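This briefing goes with the structure shown below. Keep the sequence and the 3D view open while reading.

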Amino acid sequence: MKNKILRSYLIGFILSLICTFTAYILVLIHISSAHETIPHIVLIPSILLIAILQLLIQLIFFLHLGQESSAKWNIILFIFTCCSILVIVVGSIWIMYHLNYNMTSLQMNQYINDQSGF
Amino acid sequence: MNMINKEILNKSEEQFNQDNKTYFGFWIYLMTDLLMFAGLFAAFAVLRSSTFGGSGAAEIFNLPFVLVETLLLLTSSFTCGLAIFFASTGSLRKVITFLFLTFILGLSFLSMEIYEFNNLFREGNTPQRSAFLSSYFSLVGTHGLHITAGLIWMTIMFIYILKKGLTKGAVRKLTLMGIFWHFLDIVWIFIFTIVYLTGVAL
C-alpha cells in the first residue's frame with residue numbers, strides 16, 4: 001500500500017517531465033525551422049493536448065482524484081468547473097473573434113478615436 | 001466492553017467524516033479559484049495580439065528561462081507530495097526534509113519570476129504599455145501571489161509541526177497544503193503552454 005503511493009508519485013513526476021519536454025521540443029523545432037516542419041494548425045492543438053494530458057496525469061498520480069471516500073462529489077464538482085471554464089474561455093474567444101471579424105481596422109481606429117479608448 | 005468499543009468506533013467515524021468535510025470544503029475553494037484563473041486566461045487569450053505597437057510575446061519571452069521555472073515548480077510539487085506521504089507514515093525528519101526542499105524550490109521559482117518581471121519593467125514593458133502586457137501581468141502575477149501565499153503557509157506549517165509534532169490536525173493541514181501546491185503546479189502547466197509556448201510559437 002505505502003510503496004504503491006510512493007510509486008504513483010514517481011510515475012506521475014516522470015510522466016509530467018516527459019510531457020513538459022515533448023511540448024517544449026515541439027515548439028523549438030517549430031521556431032528553428034521558421035514555422036515550416038510543423039505547421040501552426042498541428043502544433044497548437046498538439047501542445048494543448050499535451051497540457052491536458054499532463055493535467056490528467058497530475059490529477060491521478062499527485063492528487064489521487066477518485067480514490068478518497070468522498071470521491072463522487074469531488075469529481076462531480078471538478079467536471080462542473082471544467083464545463084464552466086470551457087464556457088468562459090471558448091465563449092470569450094468566440095465572441096471577441098467575431099467582433100474583430102465584423103469590424104475593419106479602419107472602423108476600429110475610428111471607434112477608438114471617437115471614444116478615446118475602449 | 002462492547003459498548004465502549006462502539007463508542008470509540010463512532011468517535012473515529014465522526015472524526016473521519018469531519019476530515020472528509022474539510023477536504024471537500026477546500027476542494028470547493030480550489031474550484032472557485034480555478035474559475036478566477038479561467039477568467040484571466042480568457043482575458044489573455046482575447047488580448048494576446050493587442051500589443052498597441054509594442055513588443056509581442058515572441059520578442060519578450062525567454063523560453064529556456066521559463067523551462068527552468070517550470071521544472072523547479074514541477075519538482076517542488078513532487079517533493080511536496082513526498083512530504084505529505086511521509087506525514088501519513090509519521091516520520092517527522094523526512095517530512096521536514098522534503099518540506100524544506102519544496103520551500104527552497106518554490107522560493108527559487110518565485111525569485112526567477114520576480115527577476116523576469118523586473119527585466120520586463122526595465123525594458124519598458126510595464127502593464128500600462130499594452131492590453132497584452134496588462135493581461136499577461138495579471139494572469140502570471142496572480143499565480144505568483146498564490147505561490148507567495150503557499151510559501152507563507154509552508155513556513156507556518158514548519159513552526160506548527162516543530163512545536164506540536166505530527167498530530168492528526170497537523171497531518172490534515174499538511175495534506176490541504178499539499179493539495180493547494182499541486183493545484184498551483186497544474187495552473188502553471190497551462191500558463192506555460194498557453195502564455196509562453198503558444199506565445200512564442202505564434
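The model is predicted. Chain B is built from six helices and zero strands, and one of these helices, α6(B), meets α3 of its own chain as well as α1(A) and α2(A).

**Chain B as a whole**

- Read from the N terminus, the elements of chain B follow the order α-α-α-α-α-α.
- Chain B has a radius of gyration of 21 Å, well over the 17 Å that the globule rule gives for 202 residues, so chain B is more spread out than a compact globule.
- Along the principal axes, the C-alpha atoms of chain B fill a box of roughly 80 × 30 × 25 Å.

**Helix α3 of chain B**

- Helix α3(B) covers residues 63–89.
- With 27 residues, α3(B) reaches 39 Å from its first C-alpha to its last, which is close to the 39 Å expected at 1.5 Å a residue.
- B:Gly90 follows α3(B) and has a positive phi, near 85°.

**α3(B) against α6(B)**

- Helix α6(B) covers residues 168–201, and its axis and that of α3(B) come within 9 Å and cross at roughly 160°.
- An angle over 145 degrees counts as roughly antiparallel, and therefore α3(B) is roughly antiparallel to α6(B).
- On the α3(B) side, the residues in contact include B:Leu63, B:Val66, B:Thr70, B:Leu73 and B:Leu74.
- Further residues of α3(B) in this contact include B:Ser77, B:Cys80, B:Gly81 and B:Ile84.
- An α-helix has 3.6 residues a turn, so residues three or four places apart point the same way.
- On the α6(B) side, the residues in contact include B:Val171, B:Leu174, B:Gly178, B:Trp181, B:Asp185, B:Trp188 and B:Phe192.
- Sorted by class, the contact of α3(B) with α6(B) has 14 nonpolar, seven polar and one charged residues.

**Chain A against chain B**

- Chain A brings 39 residues to the contact and chain B brings 35 residues.
- On the side of chain A that touches chain B, α1 (2–32), α2 (40–61) and α3 (71–101) of chain A each supply at least two residues.
- The largest share of that side, 13 residues, comes from α1(A).
- The residues of chain A on that side divide into 25 nonpolar, twelve polar and two charged.

**α1(A) against α6(B)**

- The axes of α1(A) and α6(B) come within 9 Å and cross at roughly 20°.
- Angles under 35 degrees count as roughly parallel, and α1(A) and α6(B) are therefore roughly parallel to each other.
- The crossing of α1(A) with α6(B) is left-handed.
- A:Ala23, A:Val27, A:His30 and A:Ile31 of α1(A) meet B:Thr193, B:Leu197, B:Val200 and B:Ala201 of α6(B).
- By class, this contact of α1(A) with α6(B) has six nonpolar, two polar and no charged residues.

**α2(A) against α6(B)**

- The axes of α2(A) and α6(B) come within 10 Å and cross at roughly 170°.
- These two helices, α2(A) and α6(B), are therefore roughly antiparallel to each other.
- From α2(A), the residues in contact include A:Leu43, A:Ile44, A:Ile47, A:Leu48 and A:Ala51.
- From α6(B), the residues in contact include B:His182, B:Asp185, B:Ile186, B:Ile189 and B:Phe190.
- The contact of α2(A) with α6(B) divides into eleven nonpolar, five polar and one charged residues.

Conventions: Residues are numbered from 1 along each chain as its sequence is written. Chains are lettered from A and ligands numbered from 1 in the order in which they are written. This is a predicted model: local features need pLDDT of at least 70, side-chain atom pairs count only at pLDDT 80 or more; totals for chains, interfaces and linings use all residues. Axes are lines fitted to C-alpha atoms, for helices over the stretch in contact, and angles run from 0 to 180 degrees between N-to-C directions. Helices (H or I, at least four residues) and strands (E, at least two) are DSSP runs, numbered from the N terminus. Angles under 35 degrees count as roughly parallel, over 145 as roughly antiparallel, 65 to 115 as roughly perpendicular and the rest as oblique. Two residues are in contact if their C-beta atoms, placed from the backbone, lie within 7 Å. Ala, Val, Leu, Ile, Met, Phe, Trp, Tyr, Cys and Pro count as nonpolar, Asp, Glu, Lys and Arg as charged, and the others, Gly among them, as polar. The expected span of a helix is 1.5 Å times one less than its number of residues. The radius of gyration is taken over C-alpha atoms; the globule rule is 2.2 Å times the number of residues to the power 0.38. A crossing is left-handed if the near helix is turned anticlockwise from the far one by less than a right angle, and right-handed if clockwise.
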